[in-house]
Amino acid sequence: MPVHETDYSFNLDDMSTEIEIELHSEASEVSDYAVSPSIARAPSVLGSLSTFQYTKSLSRSSAKLQALNRVHSSHPEGTFSPEPEYIPSKVEVHTLLEFFRRGALFETKETEISAIFSSAVNNLVKEKLLSPLLFSPAYQALIRSQEAYAQAVGEAFDFSLGYVENLDEPLVAVTRLEHPVNFDASDNVPTKWIFVFLLPLAYESNPVVMVSIINTLTYLMSLDAVHCSAFLAPDLETFLGEVEAELMDRNLIAAADCASPKPKKKDVGFSEKTRRAEFIASLSPQKGIFGEFIKDCKRFGKYYKRTWTNAWNGKLLASIFFIFFAVLAPAVSFGAIIGEVTENAIGVNECLISAAVLGIFYAIFGNPLIVIGATGPILVFTRLIMDLSKLWEVDFLQLYGWISVWTGVCLIIIGLLGFSTLMRYATRFLDEIFSSLIGLIFIYEAIKYLIKVFSDHEVYEPETAWLTLVLQLGTLYLSRRFVALKKSKYLSKTLRTIIADLGTIISIILMTTLDVIVEDNHTVTDKLILPSDVWSPTSGRDWLVPLFDMKTSVILLSILPALLQTVLVVIDHNITVHLVYHVDNKCMPPVYSFDLIVIGITCLFTGPFGLVVSCGATVRSINLLFSQSVTEIMPDEDGKQVTRVIKCYDNRVSNLVIHILVFCALLASSIFKYLPLGVLQGVFLSMGISTIINNQLFERVMLLFQEKQLHNVHSYLRTVCSKSINIFTIIQVLLIGFLWLVKSSAFAIVFPIVLLLLPLVRFKILPRFIPENDLAELDREEEAEDHEDDVLN
């Protein structure tokens with residue numbers, strides 16, 4: 001539909017004069033291209049690309065340069081001089097918005113350029129913006145333009161200019177391709193959007209306006225917020241509203257200049273500029289003893305409503321059911337392991353109740369993208385508490401309860417005093433080590449389970465062992481293939497997206513069905529068995545632990561192990577928050593100090609009831625993030641295609657419903673008796689592999705075994721010497737190995753201290769071996785590349 005009923009009139013001479021004055025008088029401030037006066041005298045807007053050589057993939061500035069060379073005449077005096085940090089003038093912005101207000105946005109399934117043009121012109125006719133009599137001249141004009149200049153601009157968008165006789169005013173058709181098409185852009189990224197401009201003949205002899213239009217358009221498409229809106233907007237009115245809101249935020253237009261009939265009020269946090277500033281502020285020290293806590297409370301209140309209203313999208317159900325199984329199964333498996341460690345003082349029942357009750361509480365008050373639960377480090381520390389209770393000859397549950405209570409008190413104090421700002425020292429170096437360790441634990445546990453099955457069944461029931469292997473690897477393969485379907489050319493875009501989002505659930509259903517079909521009296525795989533009486537403690541004890549039956553001296557002495565557990569929880573939880581709430585994941589800014597207080601309150605609750613201490617579960621939280629994100633393939637600064645998050649529907653509804661379903665599962669435990677453990681282990685294996693291979697550390701480890709001349713192009717390879725890269729990588733790998741040994745040894749009690757010392761390795765030891773410039777480049781934040789297809793194909 002047309003974006004506005006008002007009839008806009010365009011005076012080309014006044015417009016070009018105004019733009020020329022702006023470009024020549026303020027070239028150094030408002031444009032990154034100094035346009036010579038000869039452009040106005042050029043005989044044609046479209047110039048030759050024959051002399052435009054591409055020596056590398058396009059960056060944003062070079063994409064703009066290519067765009068202008070396509071518009072600019074090849075007149076030898078008409079040159080463009082690129083300047084850094086291009087910002088269009090208010091006149092240029094106003095001119096482009098006037099063009100947009102005479103147009104329409106639509107999506108097409110066509111993949112041939114001629115069919116795309118036909119569809120664009122036809123839609124303008126349907127919207128009564130273009131006379132049917134001008135359909136053929138407009139179509140032919142676009143075809144002639146494309147035959148002369150067939151190469152796309154890059155960065156997933158292109159434009160085309162058609163000069164139409166008897167056309168009174170310019171028109172724009174913003175064409176979004178359902179199936180991105182490779183039009184030989186120099187960055188090799190398929191084109192997603194084509195901006196089709198139909199122009200009166202007068203514009204052909206006066207190129208200044210179109211130089212400004214294309215220049216400003218390329219700037220707009222380089223903004224993340226505009227790029228995201230172009231991807232998701234249902235109509236031109238919505239797209240224009242988002243563009244105006246972003247430009248207002250950048251002070252390029254005033255509110256009075258927004259001429260759309262219903263200017264879109266900018267959603268809280270939508271501005272990329274504001275969002276990034278909030279992320280920086282989230283870890284910036286504040287004045288005053290409670291300054292950090294007060295700042296977090298304000299941010300929590302500012303975004304709280306949006307964390308509920310942001311839920312209603314097509315990804316909600318798929319996200320809920322996927323993460324539901326990712327929460328339920330670990331609760332059962334961790335419960336079984338903790339039961340062995342604690343001699344059933346704490347077991348499956350306590351883990352399930354903790355997952356449900358604490359998960360519901362945290363979903364309401366914590367960071368919405370974080371899934372809490374029992375983690376590997378917590379399991380290790382629980383074993384230490386059991387050993388300590390035997391050494392001190394005290395009741396385990398009483399000691400465990402007081403350590404949990406003191407941990408909760410310490411976390412609340414840390415949250416109030418704002419010590420979480422120290423997380424600003426948690427750089428890529430630490431994030432990669434920790435996420436790789438957690439991913440390896442998931443992979444190790446999945447393989448360990450498979451080995452156990454083979455050792456138990458290989459002699460008498462080999463069919464069971466082999467069926468378990470098929471179920472585990474089949475779930476891994478199918479889940480990854482369904483996710484990869486999103487990049488396929490087959491089926492419709494909507495169907496591909498639905499299947500990709502539900503890929504893990506479909507894999508679970510298919511593999512479970514296979515197990516039911518194949519299973520017989522001699523081939524019976526292990527199933528997910530929930531306790532029949534989950535409402536009673538595993539050992540049959542009373543729910544309330546008699547904490548005050550313990551000696552006062554032991555109560556006070558338990559503060560010491562509580563301090564170690566506090567360090568463990570703070571590092572485990574905050575690194576999970578830091579990894580998930582990366583600025584490039586397009587989510588709302590997190591709260592650190594307030595969040596630790598929430599975790600502290602859960603610890604106060606777990607102590608008296610003998611429940612499991614819970615904190616941020618890294619792999620589950622990362623998968624919750626990805627399940628709620630809209631992604632697209634984009635080039636990085638080296639021209640390599642990477643999967644980028646363009647919008648994240650971070651919300652509390654999915655997290656809340658997931659844990660409500662866990663609670664409901666306790667009431668209907670019998671329905672899970674058909675779910676093979678091999679299938680769930682396949683899900684864990686997939687989650688662990690995804691965590692590892694989407695980590696730059698994995699990429700650099702692979703470089704150690706590749707011939708140097710065959711390395712893929714990465715930004716750090718161009719600026720950092722191989723020796724520095726290898727030292728940085730090897731030290732990270734050695735630290736992962738050391739952490740693994742510590743957590744598995746008799747010295748596991750110092751595991752939190754070792755984690756705490758990792759930033760010292762980064763800032764005190766590494767600079768002795770690696771030059772500061774190389775270290776800064778290797779440790780800087782950048783978007784992760786998508787290696788999953790390369791690894792799993």
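**Close-up views of a predicted model**

**View 1. Glutamate 343 sits in the loop between helix 12 (316-341) and helix 13 (348-365).** Helices here are DSSP runs of H or I with at least four residues, numbered from the N terminus. Glutamate 343 is not a glycine, yet its phi is positive, about 55 degrees. Its relative accessibility is 55%, so glutamate 343 counts as exposed (exposed means over 50% relative accessible area, buried under 20%, partly exposed in between, with a 1.4 Å probe and protein chains only).

This is a predicted model: local features need pLDDT of at least 70, side-chain atom pairs count only at pLDDT 80 or more, and totals for chains, interfaces and linings use all residues. Residues are numbered from 1 along each chain as its sequence is written, and side-chain values use heavy atoms, without hydrogens and water.

**View 2. Lysine 128 lies in the loop between helix 5 (113-126) and helix 6 (135-148).** Lysine 128 has a phi near 60 degrees, a positive value in a residue other than glycine. Lysine 128 is exposed, with a relative accessible area of 76%.

**View 3. Helix 11 (residues 291-309) packs against helix 24 (residues 652-667).** Two packed helices are described by the angle between their axes and the distance between the axes. Here the angle is about 65 degrees and the axes are 7 Å apart (axes are lines fitted to C-alpha atoms over the stretch in contact, and angles run from 0 to 180 degrees between N-to-C directions). Helix 11 and helix 24 are therefore roughly perpendicular (65 to 115 degrees; under 35 is roughly parallel, over 145 roughly antiparallel, the rest oblique).

**View 4. Phe300, Tyr304, Thr307 and Trp308 of helix 11 meet Arg652, Val653 and Leu656 of helix 24.** Contact means heavy atoms within 4.5 Å.

Terms used:
Helices (H or I, at least four residues) and strands (E, at least two) are DSSP runs, numbered from the N terminus.
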